[in-house]
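Open the model in your viewer and keep the selection tool at hand. The tour moves from stop to stop, with what to select and what to look for.

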Amino acid sequence: MPRRLLIPISWVYHGFTSLRNSLYDNKVLKSHEFEVPVVSIGNITVGGTGKTPHTERIVNMLCDQFKITILSRGYKRKTKGYLRATQASTVADIGDEPKQMARKFAGKADMVVCEDRAEGIERITAEEKDKNLMIILDDAYQHRSVTPTVNILLIDYNRPIFEDHFLPWGNLRESPKESSRANIVIVTKCPPDVKPIERRVFSKHIGLLPSQSIFFTTLEYKPLRPVFDDITADAAVSKDTHILLVTGIANTKPLEEHLRKSVSKEITHIKYGDHHNFSKKDLSKIKSAYASIPGDDKVIITTEKDAMRLSEMQLPQEIRQRMYYLPIEVNFVFDDEDNLKNEILKYVTADKNNYQLHTTVRQF
């Protein structure tokens with residue numbers, strides 16, 4: 001079906017989201033304020049804008065000054081309610097991205113999942129008495145039941161909100177004008193050579209307010225790492241290596257382009273939907289595809305998020321020792337990471353009387 005035929009449904013969706021936001025703006029629906037500093041990171045589009053690597057970068061940026069707990073809903077987990085992650089937590093327990101962050105920040109930051117963000121914050125603050133506690137909300141821009149201390153909006157440079165349309169015609173969850181709720185805007189997945197003039201043009205198209213600050217980041221792929229903890233060998237990838245790429249993410253184009261720079265052979269790609277739960281049938285397909293690639297110079301590459309699910313699967317040793325994931329890291333295009341940190345600290349350390357926040361008594 002041509003996507004333009006979905007325009008009428010997009011109008012209905014637009015009306016619903018606009019009404020909901022109006023009810024929050026006019027305090028008909030209540031948003032809950034907390035004494036603990038809360039940093040929200042999210043977007044207003046579907047698909048990957050790099051929320052997880054940006055959350056990880058901000059955790060690393062602030063964890064020396066704050067006792068950080070990351071709070072996520074735990075998308076596609078099999079459990080319900082409030083759950084504090086441990087190193088034994090599985091993807092079924094907490095979700096793939098929470099597991100990734102729980103493993104990465106063990107001893108550095110805590111990971112909690114809860115569908116109700118306000119309830120999650122109440123439970124965290126009841127359990128954690130550290131006076132320097134900070135809560136970072138992962139993917140929470142639309143969750144207006146909580147009023148964050150700092151609201152960070154991510155916008156994909158390659159899919160700008162001012163050129164997009166509402167679901168299901170386009171990718172917008174909300175109107176581009178809702179970017180006005182953000183304290184900080186981060187334009188993600190930029191080319192490394194973005195010019196200052198492009199920064200000004202992008203800011204103008206977004207309609208950046210004088211009170212808002214904007215930053216530009218790019219994603220850097222890091223060296224391959226084994227999916228399975230018992231594999232210690234480094235990945236040997238040359239121009240002649242055959243790559244079997246296995247993904248379950250929203251946008252695979254940047255990853256494919258990066259890998260094509262490394263090898264001359266054709267890349268075999270098994271592509272699944274975002275947050276795909278791998279089945280026995282999927283594993284059989286992966287094993288068959290790997291076996292059908294000629295020669296011995298071949299490797300299976302996946303993403304870090306997919307590695308969280310695949311690492312829990314039963315695979316033969318031949319596959320395990322040739323399966324690697326490609327980590328990604330956020331870099332700041334204009335070398336202004338310190339400026340972002342100072343912006344966050346400005347809001348976190350300010351007198352809360354300066355904010356026009358909605359305060360209610362939360363009952364559970």
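**Charges over rings**

Select Lys-298 and Tyr-290: the charged end of Lys-298 sits over the ring of Tyr-290, 4.5 Å from the ring centre. A charge sits over a ring here if NZ of Lys or CZ of Arg is within 6 Å of the ring centre and within 35 degrees of the ring normal. Now pick Arg-320, which lies over the face of Phe-228, 4.2 Å from the ring centre.

Some ground rules before the next stop. This is a predicted model, in which local features need pLDDT of at least 70 and side-chain atom pairs count only at pLDDT 80 or more, while totals for chains, interfaces and linings use all residues. Residues are numbered from 1 along each chain as its sequence is written, and side-chain values use heavy atoms, with hydrogens and water left out.

**The aromatic cluster**

The structure holds 5 aromatic pairs. Rings of Phe, Tyr and Trp (its six-membered ring) pair if their centres lie within 6.5 Å; planes under 30 degrees apart are stacked, over 60 edge-to-face, and the rest tilted.

Select Phe-162 and Phe-202. Their ring centres are 5.3 Å apart and the planes stand at 70 degrees, so this pair is edge-to-face. The pair links distant parts of the chain: Phe-162 is in the loop between β6 (150-156) and β7 (184-188), Phe-202 is in helix α6 (residues 196-206), and they are 40 residues apart. Helices (H or I, at least four residues) and strands (E, at least two) are DSSP runs, numbered from the N terminus.

Is Phe-202 buried or exposed? Phe-202 is buried, at 7% relative accessible area, and Phe-162 is partly exposed, at 29%. Buried means under 20% relative accessible area, exposed over 50%, and partly exposed in between (1.4 Å probe, protein chains only).

Phe-202 in α6 and Phe-216 in strand β8 (residues 213-221) are 14 residues apart, and the pair links distant parts of the chain. Phe-216 is buried, with a relative accessible area of 0%.

**Helix α7**

Go to residues 253-260, helix α7, and colour its buried residues: Leu-255, Glu-256 and Leu-259. They cover an arc of only 100 degrees around the axis, so they lie on the same side of α7. The arc is that of the directions from the helix axis to the C-beta atoms.

Turn to the face away from the buried side. It carries the exposed residues Lys-253 and Arg-260. Then show what covers the buried residues of α7, including β8, β10 (242-247), β11 (268-271), β12 (298-303) and β13 (323-326).

**Salt bridges**

How many salt bridges does a search of the whole structure find? It finds 25. Each is a side-chain nitrogen of Lys or Arg within 4 Å of a carboxyl oxygen of Asp or Glu.

Select Arg-181 and Glu-178, which meet at 2.8 Å, N to O. Arg-181 is buried at 16% relative accessibility, and Glu-178 is buried at 8%.

Next, take Arg-199 and Asp-336, bridged at 3.4 Å, N to O. Arg-199 is in helix α6 and Asp-336 is in the loop between β14 (328-332) and α11 (337-349), 137 residues apart. Arg-199 is partly exposed at 23%, whereas Asp-336 is buried at 4%.

For a network of salt bridges, select Lys-67, Arg-84, Asp-110, Glu-127 and Glu-128.

**The nonpolar cores**

A nonpolar core is a set of buried Ala, Val, Leu, Ile, Met, Phe, Trp, Tyr and Cys residues joined through side-chain atoms within 4.5 Å. The largest one has 33 residues, and Leu-62, Ile-68, Ile-152 and Ile-344 have the most contacts inside it. Its largest share, 5 residues, comes from α11.

Centre on Leu-62. Leaving aside neighbours within four places in sequence, Leu-62 is in contact (heavy atoms within 4.5 Å) with Ile-68, Met-134, Lys-341, Ile-344 and Leu-345.

Finish at a second, separate core of 23 residues, which includes Tyr-290, Ile-300, Ala-307 and Leu-310. Tyr-290 takes you back to the opening stop, where the charged end of Lys-298 sits over its ring.
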